[in-house]
Amino acid sequence: MTIARDGQPKDSTPTAAAASRSAPGTSARGRSGATTQLALATLGFLVNFWGWALLGPLSPGIKERLDLSFTAQSLLVAVPVVVGSLGRIPVGALTDRYGARVVFPLVTLATIVPVLTLSVVSSYPALIVTGFFLGIGGTAFAVGVPLVSGWYPPARRGFAIGVFGIGMGGTAIANFTTVRLADTYGARAPFLLVAAILTAYAVLSFLLLRDAPDRARPTGSAWRRLAAVGRLTVTWQLCFLYAVGFGGFVAFSVYLPAYLRTTYGLSAEDGALRTAGFVVLAVLARPIGGWLSDRLHPVPVLVWCFGGVAAFAVVQAFEPALMPVATVALLGMALLLGAASGAVFALVGRVAPADQVGAVTGLVGAAGGLGGFVPPLVMGWVYGAQGSYAIGLMLLSDVALAAAVFTSVKMGGLAKRVV
């Protein structure tokens, strides 16, 4: 079964999933060596995301030191997000062409440069420029998904990609450690540590990372393949869903320290630690979303997740007491956004052509990152204009509810198809 130009599967030819099932050396549990490659990919995702998220925990302190507006602070943390998002499009296409074994070490090495630069720059323009290149770390996602998809059959692909998604925990590590390291060992300490870890992973991935033995090798130029993927309606449907699910997670992970400090008067360290808890829960929920999608189907999982996010966002819009109501609402959104992110890519694994997983991942991953770029800017602007985050949270609720309805109505037919 292939995907027609309107984005709907056609039953006249074998699906990419079916082809993968019958590939030599494939079993219900994956190929020999798949677990090692999954672990390496997850580790690479984690360390690159750690570097990618370094500016978020430091942004409240930078705002005070440079006397920035809320909008300027939001832009500072949003720039790496948008660059890392858009960068996934070409990086995903390059992964299809050259394989993760080549692209993963290169992305990791390229991330080291801005991480080290952050240890010496201090002016706002320099931080913005460095943050632009820091976005390279966010493209690692588009390298890992096609790698993992190639090593696992469809029956276990949702769970495997969900496990890979644990690499999102790099943002949690950044929130747990960055402020503490800077306070204890000096402002440069977190950047030097992350640069050293990235260097070690670049060497490790070059030596041990391997693409699947029967990896589909696309033909033609990368831009032509991207254009072909862009003509599929289902690609843009997936982009919208991931922009809400993963985009919501990214937005909270980068803006929550500032939100908690402004709304509840928390210290920078306390806000960063609570944000890390939010991220950890979302990370742990991602493989659960993939696992549920393997057993139920991604569509109903997404409907329930987005519906729950809409409800929790309404509760938080009224700025309830931090304990217990706000904590429950924020952690509830973390759980559901993480599970939704896993479910979206379980759906990608079902409908994307085998030789275009990287290109689809790049576009969908870009949409997710862009979904995380807009909310911090909106939240900063709304607070600057209204002195309250309520309008921003109500907008989040509206978008999540729209995603639930869209998934149920427009993509419900996919839940009835055997893929």
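Ser397 is found in helix 18, which spans residues 390-410, and in this predicted model Ser397 is buried, because its relative accessible area is 6% and buried means under 20%. Apart from its neighbours within four places in sequence, Ser397 is in contact with Ala310, Ala313 and Val314. The protein chain to which this residue belongs has 18 helices and two strands, and 59% of its 419 residues count as buried.

**The chain as a whole**

- Among the contacts in the protein chain with a separation of 6 or more, 84% are accounted for by residues 24 or more positions apart.
- Arg156 has its place in helix 9, made of residues 154-164, and it counts as partly exposed because its relative accessibility is 25%, a value between the limits of 20% for buried and 50% for exposed.

**The largest nonpolar core**

- The largest nonpolar core holds 125 residues, and the members that touch the most other members are Phe249, Phe252, Tyr259 and Phe345.
- Helix 13 gives the most to this core, contributing 17 residues.
- If neighbours within four places in sequence are left aside, the contacts of Phe345 are Phe141, Val145, Ile161, Tyr242, Arg286, Thr361, Val364 and Gly365.

- The crossing of helix 4 and helix 13 is right-handed, and in it Phe70, Gln73, Ser74, Val77 and Val81 of helix 4 meet Val250, Val254, Tyr255, Ala258 and Thr262 of helix 13.
- Sorted by class, the residues in the contact of helix 4 with helix 13 are seven nonpolar and three polar, with no charged residues.
- Helix 3 (residues 55-66) packs with helix 13 at an angle of about 50°, and their axes are 7 Å apart, which means that helix 3 is oblique to helix 13.
- Helix 3 also passes helix 13 in a right-handed crossing, where Gly56, Pro60, Gly61 and Glu64 of helix 3 make the contact with Val254, Pro257, Ala258 and Arg261 of helix 13.
- The residues in this contact of helix 3 with helix 13 divide into four nonpolar, two polar and two charged.

**How helix 2 packs against helix 6**

- Helix 2 (residues 34-52) and helix 6 (residues 100-118) pack at an angle of about 20° with their axes 10 Å apart, so helix 2 is roughly parallel to helix 6, given that angles under 35 degrees count in this way.
- The crossing of helix 2 and helix 6 is left-handed, and it brings Ala41, Gly44, Phe45, Asn48 and Gly51 in helix 2 to meet Phe104, Val107, Thr108, Thr111 and Val115 in helix 6.
- By class, the contact of helix 2 with helix 6 has five nonpolar and five polar residues, and no charged residues.

Technical notes
Residues numbered from 1 in each chain as written. Predicted model: local features only at pLDDT ≥ 70, side-chain atom pairs only at ≥ 80, totals over all residues. Heavy atoms only, no water. Left-handed = near helix turned anticlockwise from the far one by under 90°. Helix = DSSP H or I, 4+ residues; strand = E, 2+ residues; numbered from the N terminus. Contact = heavy atoms within 4.5 Å. Nonpolar A, V, L, I, M, F, W, Y, C, P; charged D, E, K, R; others polar. Core = buried A, V, L, I, M, F, W, Y, C linked by side-chain atoms within 4.5 Å. Buried < 20%, exposed > 50% of the residue type's maximum accessible area, 1.4 Å probe, protein only. Axes fitted to C-alpha atoms, helices over the stretch in contact; angles between N-to-C directions. Parallel < 35°, antiparallel > 145°, perpendicular 65-115°, else oblique.
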